[in-house]
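Please open the model in your viewer and keep the sequence panel beside it. This tour moves from one selection to the next and says what is found at each stop.

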Amino acid sequence: MLQIIQATCTNGELVLSEKLSSELEGKTIQIMILEPSESTQAIDSEESKIQQFLERVNNYSFPLPPGYKFNREEIYDR
């Protein structure tokens, strides 16, 4: 799941602008911190670039079955 949420840092803790999905309950998540620039146009541009990148990742990603092993010997005819 990829999601971009804004948050405010208050006393060393992140206060999210919206609640997280119940699907994340008990899971460890990774957080990327992007400091906003002075202009909102730059922020919008940055968020747009991030969104475009994440869309590309989704377009060229696919799930692999558990235990999948890439057989290089078969490809190189060894």
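**First stop: a loop residue**

Begin by selecting Asn-11, which is found in the loop between E1 and E2, where helices (H or I, at least four residues) and strands (E, at least two) are DSSP runs, numbered from the N terminus. This is a predicted model, in which local features need pLDDT of at least 70 and side-chain atom pairs count only at pLDDT 80 or more, while totals for chains, interfaces and linings use all residues. Residues are numbered from 1 along each chain as its sequence is written, and side-chain values use heavy atoms, with hydrogens and water left out.

Is Asn-11 buried or exposed? Asn-11 counts as exposed because its relative accessibility is 78%; buried means under 20% relative accessible area, exposed over 50%, and partly exposed in between, with a 1.4 Å probe and protein chains only. The phi of Asn-11 is near 55 degrees, which is a positive value in a residue other than glycine, and the hairpin of E1 and E2 to which this residue belongs has 2 residues between the strands.

**The paired strands**

Next, select strand E1 (residues 7-10) together with E2, and note that the two run antiparallel and are joined by 4 bridges; two strands pair if DSSP finds at least two bridges between them. Within this pair, Thr-8 stands opposite Val-15 in E2.

Stay in strand E2 and pick Leu-16, which has its place there. Leu-16 is partly exposed because its relative accessible area is 36%. Leaving aside neighbours within four places in sequence, Leu-16 is in contact with Ile-5, Gln-6 and Ala-7, where contact means heavy atoms within 4.5 Å. From C-alpha to C-alpha, Leu-16 and Gln-6 are 6.1 Å apart in space, although 10 residues separate them in sequence.

**A nonpolar patch**

Now extend the selection to Leu-14, Leu-16, Leu-20, Ile-29, Ile-31 and Ile-33, which form a nonpolar patch on the surface with about 560 Å² of accessible area together. Patches are made of residues with over 30% relative accessible area and no salt bridge, like charges being joined within 9 Å and nonpolar side chains (Val, Leu, Ile, Met, Phe, Trp, Tyr) within 5 Å; a salt bridge is a side-chain nitrogen of Lys or Arg within 4 Å of a carboxyl oxygen of Asp or Glu. Accessible areas come from the Shrake-Rupley method with a 1.4 Å probe, and for residues only the protein chains shown count as cover.

**A residue in helix H1**

Move on to Leu-54, which is found in helix H1 and counts as buried because its relative accessibility is 17%. Apart from neighbours within four places in sequence, Leu-54 is in contact with Leu-2 and Ile-4. Leu-54 and Gln-3 are 51 residues apart in sequence, and their C-alpha atoms are 9.3 Å apart in space.

**The whole chain**

Finally, show the whole protein, which follows the pattern β-β-α-α along the sequence and in which buried residues make up 4% of the 78 residues. Colour by pLDDT, the predictor's confidence in each residue, from 0 to 100: the mean for the protein is 79, and 85% of its residues reach 70 or more. Where pLDDT is low, the predicted coordinates should not be read in detail.
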